[in-house]
Amino acid sequence: MTQYGTGETSYLDGVRNSEGVEQCRTAFSGLCEKDIRQAVEHINDPRLTFGTLYALSPVVARFRLERYMSPRSAAALRIVRSIGQPRRSGSPDSSVRNDTSRAALKWILDTGRADDGMSGEYEEAMDIAASVLINTYKDPEALSAAVDMIFDRSLKGRNIHSLVWAVFQSRNPEALKLIAQRLRSPDGRDARLACSLLGIDSPDGSSANV
């Protein structure tokens, strides 16, 4: 087996980073057919990122591996599967508001940010993770991460509405401080978005769409 993994990177992340998503799926499928125990060991690697687990989720489903997965990874996949399903309440994240999911939500947000934008469903999983961590668990690191993602997504022309809602729903004054820091950004687009979010006029008279 090619040694894609390192001390800090899982084998499956190494394959995806070096060969791409499709080759990673092919390699993992082959491993499932050849040595299911080793496949389970790799998918449960504590160094695995959410982006790679998400990319491999069709293979996980095909080989019915979820029953062998770590609680963290299994919970993360349940969160992904919950996207688009009818809710018993009006809150889009009510189905994952429990203590057993907290580690999975932190893992999704912390390790998944690098792949934000992989798909619309992926972004929604990131939005759910951020929203629950911010508004249920009052996680300050999640609040900071969400503000960073808002500005990163905006620069790439991607949807920011759910993240903006999650940040302002917290009613945490720290959110305003984090946004206000962007007023000093050398990138005028960041400054204009910050002005728009804070409800103040942009120095150059322009506006950002939110």
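## Contacts along the sequence

In this predicted model, 62% of the contacts between residues at least 6 apart in the sequence of the protein chain join residues at least 24 apart.

## Overall architecture

The protein chain contains 11 helices and zero strands. Its pattern, read along the sequence, is accordingly written α-α-α-α-α-α-α-α-α-α-α.

Of the 210 residues in the protein chain, 45% count as buried. The protein chain exposes about 11,200 Å², and 48% of this area is supplied by carbon and sulfur atoms.

## The nonpolar core

The largest nonpolar core comprises 57 residues. Within this core, the residues with the most contacts are F28, I43, F50, L109 and I150. The greatest contribution to the core comes from helix 7, residues 120-135, which gives nine residues.

Leaving aside residues up to four places away in sequence, I150 touches I160, L163, V164 and V167, together with L193 and L197.

Helix 1 spans residues 11-19, and its buried residues are Y11, L12, D13, G14, V15 and R16. The cover over these buried residues includes helix 2 (21-34), helix 3 (36-43) and helix 4 (50-62).

Just after helix 1 comes G20, which takes a positive phi of about 100 degrees.

Terms used
Residues numbered from 1 in each chain as written. Predicted model: local features only at pLDDT ≥ 70, side-chain atom pairs only at ≥ 80, totals over all residues. Heavy atoms only, no water. Buried < 20%, exposed > 50% of the residue type's maximum accessible area, 1.4 Å probe, protein only. Helix = DSSP H or I, 4+ residues; strand = E, 2+ residues; numbered from the N terminus. Contact = heavy atoms within 4.5 Å. Core = buried A, V, L, I, M, F, W, Y, C linked by side-chain atoms within 4.5 Å. Areas by Shrake-Rupley, 256 points an atom, 1.4 Å probe, with all protein chains shown as cover.
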